[in-house]
Amino acid sequence: MKKLPLMALGLIAVCSQCDPLDLAEAKSAEQETGIQVSIEEVVSSADQEKYAEAFVNCLMEEKDTKTAGVSLVTEQIPTYDIVEQRKDELTEQARLEEEKAERIALRKAQVSKRIQVRAKALADARAKEEAEKEAAEREIAKDATGEYYKGIRLMYSKPYEAANGHLTRSNGSIRYNGHRETWYSTKEGCGQATAVKIPGKHIAEDGTIRDKDGYICVASNQSFMRVYSTLMTSLGPAKVYDTGCSYGTIDVYTCW
């Protein structure tokens with residue numbers, strides 16, 4: 001709302017043959033009209049009468065008039081249409097900001113939901129992996145014989161971590177760790193060693209023949225490696241239980 005100077009109110013009062021305005025009347029006029037009045041001082045009735053004429057001339061000439069060192073300026077008050085237009089603009093701006101806030105909130109909720117779903121999936125996968133790992137460790141612990149060979153825990157039936165290019169049924173013969181490896185199996189008896197008795201002889205999960213401690217049973221040349229000697233093969237720790245091979249050959253007993 002524009003401010004109407006006290007001087008203008010005083011001049012209007014003089015022109016209307018009203019009594020000069022004082023401070024109290026100015027405040028009353030402000031309350032009744034809703035026009036905010038800026039009051040710096042209350043001029044005398046003589047000054048009001050002098051300024052009234054200048055004020056009327058100002059309105060007639062539609063220009064600023066300076067009288068007795070005081071500037072009288074007419075001010076344009078916004079029309080109803082302008083106020084309503086500005087009100088509509090503010091309302092539309094508020095609506096757009098509200099829609100933007102709703103879109104942001106919706107996007108945040110969607111992202112948060114996706115994060116929660118992803119986090120749950122990762123947590124479930126991690127829990128499953130941990131459960132499988134614990135189960136495997138329990139099986140390994142259950143299968144372990146309690147013996148070790150060069151830091152490797154001997155397993156009663158579980159496969160050892162085989163070396164790259166290890167001996168298989170298909171390749172038949174390989175070179176490994178300074179010796180030649182072959183494998184031997186019979187359909188009847190499945191890898192019977194004949195030189196000595198094998199304590200706790202059994203078939204492991206990888207098809208090798210092992211003793212009660214988890215050593216893979218092998219045959220060797222007596223001059224190359226004596227009976228009951230232990231060594232590392234491409235399939236895991238082994239123990240010599242038979243002879244009759246050529247020098248430098250290790251024959252792995254299997255049930256392949």
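Me: What makes Tyr184 buried, exposed or partly exposed?

Reply: Quick background: this is a predicted model, where local features need pLDDT of at least 70, side-chain atom pairs count only at pLDDT 80 or more, and totals for chains, interfaces and linings use all residues. Residues are numbered from 1 along each chain as its sequence is written, and side-chain values use heavy atoms, leaving out hydrogens and water. Now, buried means under 20% relative accessible area, exposed over 50%, and partly exposed in between (1.4 Å probe, protein chains only). Tyr184 has 32%, so partly exposed is the label.

Me: And why is Tyr253 called buried?

Reply: Because its relative accessibility is 5%, and the cut-off for buried is under 20%.

Me: What makes Tyr184 and Tyr253 an aromatic pair, and of which kind?

Reply: Rings of Phe, Tyr and Trp (its six-membered ring) pair if their centres lie within 6.5 Å; planes under 30 degrees apart are stacked, over 60 edge-to-face, the rest tilted. Here the centres are 5.4 Å apart with 80° between the planes, so this pair is edge-to-face.

Me: Which parts of the chain does that pair tie together?

Reply: Tyr184 sits in strand 6 (residues 179-184) and Tyr253 in strand 12 (residues 249-253), so parts 69 residues apart in sequence are tied together. Strands (E, at least two residues) are DSSP runs, numbered from the N terminus.

Methods
Helix = DSSP H or I, 4+ residues; strand = E, 2+ residues; numbered from the N terminus.
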